Amino acid sequence: MQYQFDFSAVLAQWPLLLEGAWTTVQLSFLATLLGFVLGTLCAIGRGSSLPWLRRLVGLYVEAIRNTPLLIQSYFLIFGMSSVGITLPIMAGAVLALVINIGAYSCEIIRAGIESIHKGQLEAAECLGLSRAQTLWHVVLRPAVERVWPALTSQFVLLMLASSIMSSVGAEELLGVANRIQSDTFRNFEVFLVLWAVYWLLSCLMRMGFWLLAQLVFTRRRKLGTAL
């Protein structure tokens with residue numbers, strides 16, 4: 001193999017790469033935040049006493065978890081426009097990611113909720129806590145604390161999966177890299193740089209979740225339990 005590596009042409013495009021990385025960060029942040037809220041609400045709905053609500057949430061979870069993110073994105077951005085509902089590319093990309101991650105978050109948080117011992121609920125009732133106080137202090141916070149590592153991994157996977165959004169026109173990191181390789185014809189170097197940037201983003205994201213956990217889950221921090 002007599003391939004001559006030349007990163008100069010690729011690194012000269014750093015403003016474009018930075019712009020793509022920033023778009024990826026924005027997509028991931030919005031999808032993580034909104035997806036977590038959606039997943040939490042759906043997890044509560046899965047444990048509801050209303051059968052129709054449990055079935056509805058279950059249908060949503062199964063419909064999303066058993067279909068590809070790419071198909072969901074095409075449906076929301078191109079399929080919906082066929083019936084007159086047109087979304088801007090970025091709004092459609094965020095919506096697709098939120099709907100996707102919401103289903104996975106729902107199941108992870110539900111597992112955390114089901115791990116709460118019934119005795120703790122009875123203790124909360126004996127202490128006279130309201131339903132909202134019980135839900136927040138006894139159910140949700142401990143549940144999220146227990147499944148935090150799984151949630152972190154899922155949200156990092158979401159950030160990596162956001163590269164799929166380049167296929168629907170979003171100018172995120174992979175979309176920008178495709179433009180650079182078309183201009184420079186240095187495919188090998190472009191994808192090596194891309195690999196390094198995604199790895200760096202993943203490490204930063206994991207560190208951010210760890211710091212957030214240290215801030216929010218004070219009980220575990222005092223116990224010295226790993227998060």
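Is Gln72 buried or exposed? I looked up its relative accessibility, which is 10%, so Gln72 counts as buried (buried is under 20% relative accessible area, exposed over 50%, partly exposed in between, with a 1.4 Å probe and protein chains only). Gln72 sits in helix α4 (helices are DSSP runs of H or I with at least four residues, strands runs of E with at least two, numbered from the N terminus). Leaving out residues up to four places away in sequence, I found Gln72 touching Ile64, Thr67 and Asn100 (contact means heavy atoms within 4.5 Å).

Notes on the model. The model is predicted, so local features need pLDDT of at least 70 and side-chain atom pairs count only at pLDDT 80 or more, while totals for chains, interfaces and linings use all residues. Residues are numbered from 1 along each chain as its sequence is written, and side-chain values use heavy atoms, with hydrogens and water left out.

Core entry. I looked up the largest nonpolar core, which has 40 residues (a core is a set of buried Ala, Val, Leu, Ile, Met, Phe, Trp, Tyr and Cys residues joined through side-chain atoms within 4.5 Å). Leu97, Trp148, Leu151, Met165 and Leu173 touch the most other members. Helices α2 (14-46), α4 (69-79), α5 (89-114), α8 (148-161), α9 (173-184) and α10 (187-216) each supply at least two residues of this core. The largest share, 8 residues, comes from α10. A second, separate core has 7 residues, including Val57, Val61, Ile64 and Cys106.

Aromatic entry. I searched the whole structure and got 6 aromatic pairs (ring centres of Phe, Tyr and Trp, the last by its six-membered ring, lie within 6.5 Å; planes under 30 degrees apart are stacked, over 60 edge-to-face, the rest tilted). The rings of Trp148 and Phe217 have centres 5.3 Å apart and planes at 80 degrees, so this pair is edge-to-face. Trp148 is in helix α8 and Phe217 in the loop between α10 and α11 (218-223), 69 residues apart. Trp148 is buried at 9% relative accessibility, and Phe217 is buried at 4%. Phe155 and Phe209 make a stacked pair, 5.7 Å centre to centre with 15 degrees between the planes. Both Phe155 and Phe209 are buried. I note that Trp148, Phe155, Phe209 and Phe217 form one aromatic cluster.

Surface entry. I looked up Trp199, which is in helix α10 and is exposed at 57% relative accessible area.
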